[in-house]
Amino acid sequence: MQGRKITIDNHALLLIVLKKLEIFPISSSIKRRKFDLFDSLISSGMKFRSGDIIVISSKYVSMSEGSLLKLDKIKVSNKARTIAAMFEMDPKIAEITLRESDYILGGIPGFLLSIRDGMIAPNAGIDKSNVPPGFVIPYPNDAFKTAENLRLKFLLEYRIRVGIVIADSRLMPTRIGTVGVAIACSGFEPVEDERGKKDLFGNVLRVTFRAVADGLAATGVAIMGEGSESIPAVVVRGFRVTPTDRKLSKHDMAIDPEQDIYIRGLKRPPKL
């Protein structure tokens, strides 16, 4: 709630010219069925302001859409059974993963490494945590559309210009534990092109893009936690972004897998 405020010195932590950055966790009761996402934020007690960035858990968004899937209702295809046998998976999880994925890169026992909306995710982001037993929850149906509609509701009903980030937690290559990543956003440019600028030593940046939305997602997820915290959303106040009213899509945040440094490097390993 608003009283649980965290203030961070930007000069020490973020190296941006601002006096302070404020982070406000938004708590919620347990949700078990479809609900109004906008109303849940407005009724939280948070006093939103123009310029706020609202980071929301993708699972909370999916729950608001009524996207819980009951495993014993899933019909398994022959293809899913074959894949499940190959990777020692629950056939129903394999089936849902196939439905949710744009395509499958490979897998290990228990997991398929898939791409959904331009992002790599184990089992297409399907999650069993913080849902009732016997259920799983996938990503939101159209996360960018949801983010855009939510932003417009704040603008039309309260005359407040906010940014929206829908965030999930993700494993990073070679790292232990999860970190937040943006699966969609609205209201600001998600990536800033730093090419042509100079670093502290006068070197010209030639390939650097700053993933603003992902950085905000990581901040939000760090506060939300992964267990029983009951913090499905976080407001970040005082963070400078480049506002935009244009409709964003996965193409504003993702690159083709064939251009990805990790996938390219692992796909064609050199003989050392």
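These legends accompany several close-up views of a predicted model.

**Close-up 1. A network of salt bridges brings together Glu148, Arg151, Arg161 and Asp245.**
Let us begin with charge. Side chains of opposite charge can pair when their charged atoms come close. In this view, Arg151 and Asp245 meet through their side chains in a salt bridge, with 3.1 Å from N to O. This pair links distant parts of the chain, 94 residues apart: Arg151 belongs to helix α6 (residues 143–158), while Asp245 sits in the loop between β13 (233–237) and α8 (261–267). Asp245 also meets the side chain of Arg161 in a salt bridge, at 3.3 Å from N to O. Arg161 lies in the loop between α6 and β9 (163–171) and Asp245 in the loop between β13 and α8, so this bridge ties together parts that are 84 residues apart in sequence. Arg161, with 48% relative accessibility, counts as partly exposed.

**Close-up 2. Arg195 and Asp193 form a salt bridge between their side chains.**
The N to O distance here is 2.7 Å. Arg195 is partly exposed, at a relative accessible area of 44%, and Asp193 counts as partly exposed too, at 36%. For context, the structure holds 14 salt bridges.

**Close-up 3. Phe38, Phe48, Phe154 and Tyr158 are linked into a cluster by ring pairs.**
A pair of aromatic rings is described by the distance of the centres and the angle of the planes. The whole structure has four aromatic pairs. For Phe38 and Phe154, the ring centres are 5.1 Å apart and the planes stand at 80°, so this pair is edge-to-face. How do the rings of Phe38 and Tyr158 pair? They form a tilted pair, 6.1 Å from centre to centre and with 50° between the planes. Again helix α2 is linked to helix α6, here by residues 120 apart. Phe38 has a relative accessibility of 4% and therefore counts as buried, whereas Tyr158 is partly exposed, with a relative accessible area of 41%.

**Close-up 4. Helix α5 (residues 91–100) has buried residues, among them Ile93, Ala94 and Ile96.**
Glu95, Thr97 and Glu100 are buried in this helix as well. Which elements cover the buried residues of α5? The cover includes β4 (69–70), α4 (78–86), β5, β6 (111–116) and β8 (135–136). At the start of the helix, look for Asp90: one of its side-chain oxygens reaches to within 2.9 Å of the backbone nitrogen of Lys92.

**Close-up 5. Ser114 is a buried residue of strand β6.**
Ser114 counts as buried because its relative accessibility is 0%. A polar atom of the Ser114 side chain lies 2.8 Å from the backbone nitrogen of Ala124. Beyond its neighbours within four places in sequence, Ser114 is in contact with residues including Thr97, Ser101, Ile104, Met119, Ala121 and Asn123. Tyr103, Leu105 and Ile120 are also among these contacts.

**Close-up 6. Tyr103, Leu105, Leu113 and Ile120 make a nonpolar surface patch.**
The patch has an area of about 310 Å². One of its members, Leu105, is placed in strand β5 (residues 103–108). Leu105 is partly exposed, with a relative accessible area of 39%.

Most residues other than glycine have a negative phi. Glu88 is in the loop between α4 and α5, and Asn123 lies in the loop between β7 (119–122) and β8. Which of these residues is buried and which is exposed? Glu88 counts as exposed, at 62% relative accessibility, whereas Asn123 counts as buried, at 7%.

Methods. Residues numbered from 1 in each chain as written. Predicted model: local features only at pLDDT ≥ 70, side-chain atom pairs only at ≥ 80, totals over all residues. Heavy atoms only, no water. Patch = residues over 30% accessible without salt bridge, like charges linked within 9 Å, V, L, I, M, F, W, Y side chains within 5 Å. Areas by Shrake-Rupley, 256 points an atom, 1.4 Å probe, with all protein chains shown as cover. Salt bridge = Lys/Arg side-chain N within 4 Å of Asp/Glu carboxyl O. Helix = DSSP H or I, 4+ residues; strand = E, 2+ residues; numbered from the N terminus. Buried < 20%, exposed > 50% of the residue type's maximum accessible area, 1.4 Å probe, protein only. Contact = heavy atoms within 4.5 Å. Polar contact = N/O pair within 3.5 Å; in protein donor to acceptor, adjacent residues only side chain to side chain. Phe/Tyr/Trp six-rings, centres within 6.5 Å; stacked < 30°, edge-to-face > 60°.
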